[in-house]
Amino acid sequence: MAALPPLLKRLLGKPAATDADPGIAAFFQGKARQQGYTLSPSQLQVIEDMARQTAHLLAGRPTRSLYLHGAVGRGKSWLLDGFFQALPVAEKQRMHFHDFFARLHQGMFTHRQQRDALGVTLDKLLDGCRVLCFDEFHVHDIGDAMLISRLFKALFRRGVWVLVTSNYPPAGLLPNPLYHQRFKPVIELISARMDVMEVSAPQDYRGMAQAHGDQRFTAGQFVWPGTSAQREALGLPSVDHPPLNLAVGARQLIARRHQGRSIAFSFSDLCEQPTAVMDYLQLCRDYDRWIIDGLPHLAECPIATQQRFINLVDVLYDQDKHLVLIGEQPLEQSLSGQAIDLARTASRLGQLQKIGPQPAIMSAIHAPIAE
């Protein structure tokens, strides 16, 4: 994102009293220059819409929420995070959709005796929020779809301005043909109340070195084939490390090792058992360095197992945790499967450093990964 494009020049050149807030464009221009990015035409259009809606928000005028969709790594989260930083409004929240939805379920269970459990829960979760930013919005389950329908109606009724990013256009949500028709009212609501914009770019920005910065996640490793020599050199648990009971909230999970802020699991411990996003979020409060051992060929796993792994990687990525993932085969071979969100998972795990069986790589390792 380098020389100042004509659209940003136009936005920055407008006086404050016009229909666009120049602070938003200025922020993105500086952020792009600092990171050495070149903004794509679609990203510029999104920034223009963000600047216009910001001016409306600040002036108390009617606004339209914003739904951004596009392929993985095309800058949707970058735009959302930048907007959240630049927006001169104190009453705002930025949340990964997994996190918000898990809290929503938990709150509605807590207030299940109330006449309007959803409303009471939103009162506590939003607490005066005017702008709500959701990253990685998706829906594959009909039960969640019905709750999402109620959620969006409640948000718009409360006058909350919503910014959503998703890998799917609204019409691509809940693609299961058995349920898609029942979700159409939500799709129509999104189209009626939100500007739906595609974010496209000629490259996957996640693969660029400057996108990594000081992130813990991208400093992690994918290790294969996980031989005894590799494990010893990297300070990783042995394959037959005995299971340990681990209390997670009111539940008991199985771990393989935990010490300080480090935790180790087998793939089976987390993804082949009935774990949930709330479990991963709870664990993230206590542990920053994760080892997940025994990544199989996902195509051979049930869809539910694949989806748990996708959810787990989403949480670790969004919470920016250091991850060491161990598999028996190269990452690209492991990540084939039927779950429709695997492209996002592959993009995220593709940022990990690859440690294969080559002696040259192994000899360059001087310190254990998980202490």
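In which helix do Arg103 and Asp99 both lie, and how many residues apart are they? Both belong to helix α5 (residues 97-110), where they stand four residues apart, about one turn of the helix. The model is predicted: local features need pLDDT of at least 70, side-chain atom pairs count only at pLDDT 80 or more, and totals for chains, interfaces and linings use all residues. Residues are numbered from 1 along each chain as its sequence is written, and side-chain values use heavy atoms, with hydrogens and water left out.

The protein has 15 helices and 13 strands. These are DSSP runs numbered from the N terminus, helices being H or I with at least four residues and strands being E with at least two. Of the 371 residues, 53% are buried. Buried means under 20% relative accessible area, exposed means over 50%, and partly exposed lies in between (1.4 Å probe, protein chains only). Among contacts with a separation of 6 or more, 77% are between residues 24 or more positions apart; a contact means heavy atoms within 4.5 Å.

Charged pairs give a way through the structure. Side chains of opposite charge can pair when their charged atoms come close. A salt bridge is counted when a side-chain nitrogen of Lys or Arg is within 4 Å of a carboxyl oxygen of Asp or Glu, and the structure holds 20 of them.

Asp99 is buried, at 11% relative accessibility, whereas Arg103 is partly exposed, at 35%.

Another salt bridge joins the side chains of Arg61 and Asp19, with 3.1 Å from N to O. Arg61 sits in the loop between α3 (41-59) and β1 (65-69), and Asp19 in the loop between α1 (6-12) and α2 (22-35), so this pair ties together parts that are 42 residues apart in sequence. Arg61 is partly exposed, with a relative accessibility of 41%, and Asp19 is also partly exposed, at 33%.

Asp279 and Arg251 form a further salt bridge, their closest N and O atoms being 2.5 Å apart. Because Asp279 lies in helix α11 (residues 277-286) and Arg251 in strand β8 (residues 251-255), the pair ties together parts that are 28 residues apart in sequence. Asp279 is buried, at 5% relative accessibility, while Arg251 is partly exposed, at 33%.
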